[in-house]
Amino acid sequence: MLADNFDFGLWMITRLVFLVTSVTALVMAAVAREDAYRAADKKTKSFWLIILGVAVAVNLFIPMLFLSIAGLIAAIVFFVDVRPALAQVSGGGRRGGSSSDGPYGPYNGGR
């Protein structure tokens, strides 16, 4: 009985982690600009919204581990490959400052 409760709890935690990851990726994909996808040479925004939307729907309504893992893989690909490329194209990869800042402060051209 205790093992059954543990298995059920572990399954629910796993589904919750998969769902939160998919929803987070979907929101980040929706917030990014359409032209950033083209500039980063990635698939279109609508492609990622459909893929991640299906991943969220699967995690919400279809309790099949194989499909949930496929949705998690799609979200991980978005986080690891697409999101950094979008941030680099959009200028979100820098921590602030101007484009002439070096690693030790602003570059003043030898003045």
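1. The chain as a whole has a mean pLDDT of 86, with 82% of its residues at 70 or more.

2. This is a predicted model, in which local features need pLDDT of at least 70 and side-chain atom pairs count only at pLDDT 80 or more, while totals for chains, interfaces and linings use all residues. Residues are numbered from 1 along each chain as its sequence is written, and side-chain values use heavy atoms, leaving out hydrogens and water.

3. The whole structure holds 3 aromatic pairs (rings of Phe, Tyr and Trp, the last by its six-membered ring, with centres within 6.5 Å; planes under 30 degrees apart are stacked, over 60 edge-to-face, the rest tilted). The pair F47 and W48 is edge-to-face, because the ring centres are 5.5 Å apart and the planes stand at 85°. One aromatic cluster comprises F47, W48, F78 and F79.

4. W48 is buried at 8% relative accessible area, whereas F47 is partly exposed at 34% (buried is under 20%, exposed over 50%, partly exposed in between; 1.4 Å probe, protein chains only).

5. I62 lies in the loop between α3 (45–61) and α4 (65–90). With a relative accessible area of 35%, I62 is partly exposed.

Definitions and conventions. Helices (H or I, at least four residues) and strands (E, at least two) are DSSP runs, numbered from the N terminus. pLDDT is the predictor's confidence in each residue, from 0 to 100.
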